[in-house]
Number of protein chains: 2
Amino acid sequence: MREQAIFYHAGCPVCIAAEQQMDNAIDAARYDVEIVHPGEGKSRIGEAESFGATSVPAPVIDGQPFHINFGAAIADLK
Amino acid sequence: MREQAIFYHAGCPVCIAAEQQMDNAIDAARYDVEIVHPGEGKSRIGEAESFGATSVPAPVIDGQPFHINFGAAIADLK
């Protein structure tokens, strides 16, 4: 059974770059990648929230949001 | 030729979840995935910076940081 990756989009240039990067790197034999733009409908926004996404861009892989928000500044690791 | 994905780690629980998620979803036939913890050496920190990463956790795929930082709140899309 194919698994699903959904990329909830904010329309910004950084989003587009990240979307293409994810689409390229993900295992295409196992995953269907869907891109959802905010303009596509309010129902999809509720769907993103139901997965636990609180902001966009938000990749959701196998129903889990991919969280890589700020943890620590590189400068603080030196 | 195999491509490289590097996950620069901050050691937090959210990092560990994201690392495992990326490792699972990425195309293993094409990518070698390497996990770098900050404690492993100052030289790797400079390497992360040279890819353009400014904070951790930072996935770098094919030499490009995967940016999905905050774009817009879901609430603002309603």
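**View 1. D62(B), a partly exposed residue with positive phi**. D62(B) counts as partly exposed because 14 C-beta neighbours lie inside 10 Å; a residue is buried if 20 or more other C-beta atoms lie within 10 Å of its own, exposed if 12 or fewer, and partly exposed in between, with C-beta atoms placed from the backbone. This is a predicted model, in which local features need pLDDT of at least 70, side-chain atom pairs count only at pLDDT 80 or more, and totals for chains, interfaces and linings use all residues. Residues are numbered from 1 along each chain as its sequence is written, and chains are lettered from A and ligands numbered from 1 in the order in which they are written. The phi of D62(B) is near 55°, a positive value in a residue other than glycine. Most residues other than glycine have a negative phi. D62(B) sits in the loop between strand 4 and strand 5 (64–65) of chain B; helices (H or I, at least four residues) and strands (E, at least two) are DSSP runs, numbered from the N terminus.

**View 2. D62(A) in its loop**. D62(A) belongs to the loop between strand 4 and strand 5 of chain A. Its phi is near 55°, again a positive value in a residue other than glycine. With 14 C-beta neighbours inside 10 Å, D62(A) counts as partly exposed.

View 3. P57(A) is in the loop between strand 3 and strand 4 of chain A. Most peptide bonds are trans.

**View 4. The open sheet of chain A**. Four strands of chain A form an open sheet in the order 2-1-4-5, with mixed pairing; two strands pair if DSSP finds at least two bridges between them. Strand 2 (31–36) and strand 5 (64–65) of chain A are at the edges with a single partner strand each, so one side of each has no neighbour in the sheet. Strand 1 (residues 3–8) and strand 4 (residues 58–61) of chain A pair antiparallel over four bridges. Within this pair, Y8(A) has A58(A) as its bridge partner.

**View 5. The crossover between strand 1 and strand 2 of chain B**. Strand 1 (residues 3–8) and strand 2 (residues 31–36) of chain B run parallel and are joined by six bridges. The bridge partner of Y8(B) in strand 2 of chain B is V36(B). From strand 1 the chain passes through helix 1 of chain B to strand 2, a right-handed β-α-β crossover; right-handed means that, with the strands pointing away from the viewer, the path from the first strand over the helix to the second runs clockwise.

**View 6. The contact between chain A and chain B**. Chain B and chain A each give 37 residues to the contact, where two residues are in contact if their C-beta atoms, placed from the backbone, lie within 7 Å. On the side of chain B that touches chain A, helix 1 of chain B supplies the largest share, six residues. Strand 3 (residues 55–56) of chain A and strand 6 of chain B run antiparallel and are joined by two bridges, with V56(A) opposite A72(B). The predictor gives the complex an ipTM of 0.79 and a pTM of 0.83.
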